[in-house]
Amino acid sequence: MEIKPRTGFRTLWVYLGLVVVPVVIAIVLLSQGDDGGSVSGTKAAAGPSLAQLLLAITVVVGACKVVGWLAQRIGQPAVIGEITAGILLGPSVLGALWPSGAATLIPKATVPQLNVVAQLGVIFFVFLAGLELNTELLRGRGRLAVVVSHVSIALPFLLGVGLAMFAYTRFAPGGIGFLPFALFFGVSMSITALPVLVRILHEIGLFRSEVGVVALTCAVVDDVTAWSLLALVIALTTASSLVGVVLTVVLTAAFVALLGLVVRPLLRKVVTRTPAASLQKAAPLAVVGVLLCAMTTEWIGVHAMFGAFVFGVVFPRDNPVATWLHDKAGGLTTALMLPLFFAYSGLRTDIGLLSGGGAWLWCGLILLVAVAGKLGGSALAARAVGESWNRSLQVGTLMNCRGLTELVVLNIGLDLGVLSPTLFTMLVIMALVSTAMAAPMATWFARRDGQNVVDFLGRTSERAAA
């Protein structure tokens, strides 16, 4: 239908009068004010822009994936490369070689925001680690598991406390007493990273082997004991009085009892009596449970990660909710959140603090004590309960793997002010080296024992002739 000229002119005048003129008048009125300074000030106070944060996340995740892939090519688990990538992005390498570039790629203003996302990632990581704890492995191996795992904690803990007596005057931050310093030092020597151990055993083909099951069984007991010990150490560190320590321990015990005696049976009933389709729809509610448990232990004073870990231990396995959590929360955690935690740890690790031969000698001594206590103690304990020397050394090598769990503990110590930045850097190096030792040493001992293993090129060794 053809528009009449008169109607067209009327539409034009209506548009000019009711659209253009009001817009022009509004612009004139707005220009009369002088609030430009307050707007820019508000924008500056809001922190880094979304573009800066997205750039930092992109750089971190990309670097972790690239260096993780390179680590796999030389026979190391990807987590070794991811931890290394975090150190490379920090002041040790990128910040030292290209300060302006480091400030552009990961501005200091974005670091607190990265830390928030990273802490959420660690909470879900330890929840999934608790969910993966297979207590069935303890059947028939209880004596071996308890002896080896507890020796692998007690001996390095003792050696760590002994070394802390000499390190205290040199590395302890001001205002920190010897007791919390020595306790944290001992715990940092005693860690075994169960999730990293699982990945290593999968990658070298020993996950279902007898030695692999023994190592995993010991690591299960080790993890539960170590997290409980860490909770106690945090309580002793953060409480202002003996009454506060007792109250924190009592509340923590009550929390564990509540989850074990009330929440666990209730969750089992819900899982067994609810149709699979309904469970699938209700799966996201489990995330709320993780956050509530994490919030509770953070409020108690033993860190949010302990609550998430205990909730993972009591959560029913082999059901649609657990599968959904592994697929959804697990994928997002490992792909995005944990690399941010590695970067955050790397940004706090400054190898430049280890200036002079004395500092590097201390770093070497810490590594020697850590490996001797963990690898040596585990191997001696396994041999004492009947394993051969070769398999005992395999178990010791695998128990010496510290990985991400150690970084979690070290960051807690640094946040609480118990560890100085220099000592934190030394312990990060110790964690990286001891974890890197696990795969090649376990592969070498397995070949000596005639077991089929997979090398970094994917080749399987032939079983030795009987």
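The expected span of a helix is 1.5 Å times one less than its number of residues. Helices here are DSSP runs of H or I with at least four residues, strands are runs of E with at least two, and both are numbered from the N terminus. With that, take α19: 13 residues, reaching 19 Å from its first C-alpha to its last, close to the 18 Å expected at 1.5 Å a residue.

Before going on, a word on the source. This is a predicted model, where local features need pLDDT of at least 70 and side-chain atom pairs count only at pLDDT 80 or more, while totals for chains, interfaces and linings use all residues. Residues are numbered from 1 along each chain as its sequence is written, and side-chain values use heavy atoms, with hydrogens and water left out.

Now the chain as a whole. Its secondary structure comes to 20 helices and zero strands. Of its 466 residues, 49% count as buried; buried means under 20% relative accessible area, exposed means over 50%, and partly exposed is in between, using a 1.4 Å probe and protein chains only. Contact means heavy atoms within 4.5 Å. Among contacts with a separation of 6 or more, 80% are between residues 24 or more positions apart.

Back to α19. Twelve of its 13 residues are buried, so α19 is largely enclosed by the rest of the structure. The buried residues include Gly403, Glu406, Asn411 and Leu414. Just after α19, glycine 417 takes a positive phi of about 80°.

How do the axes of α11 and α19 cross? Helix α11 covers residues 210–238 and α19 covers 403–415; their axes come within 12 Å and cross at roughly 5°. Axes are lines fitted to C-alpha atoms, for helices over the stretch in contact, and angles run from 0 to 180 degrees between N-to-C directions. Angles under 35 degrees count as roughly parallel, over 145 as roughly antiparallel, 65 to 115 as roughly perpendicular and the rest as oblique. The two helices, α11 and α19, are therefore roughly parallel to each other. On the α11 side the contact uses Trp227, Leu230 and Ile234, and on the α19 side Thr405, Val408, Val409 and Ile412. By class, that is six nonpolar residues, one polar and no charged. Here Ala, Val, Leu, Ile, Met, Phe, Trp, Tyr, Cys and Pro count as nonpolar, Asp, Glu, Lys and Arg as charged, and the others, Gly among them, as polar.

Next, the core. A nonpolar core is a set of buried Ala, Val, Leu, Ile, Met, Phe, Trp, Tyr and Cys residues joined through side-chain atoms within 4.5 Å. The largest one has 131 residues, and those with the most contacts inside it are Phe127, Phe185, Phe342, Ile366, Leu423 and Met426. Helix α11 gives the largest share of this core, 13 residues.

Leaving aside neighbours within four places in sequence, phenylalanine 185 touches residues including Leu163, Ile366 and Leu423. Leucine 163 lies in α8, residues 142–171, and counts as buried at 8% relative accessibility.

Last, is aspartate 318 buried or exposed? At 80% relative accessibility, aspartate 318 counts as exposed. It is found in the loop between α15 (304–314) and α16 (320–347). Aspartate 318 has a positive phi of about 55° although it is not a glycine.
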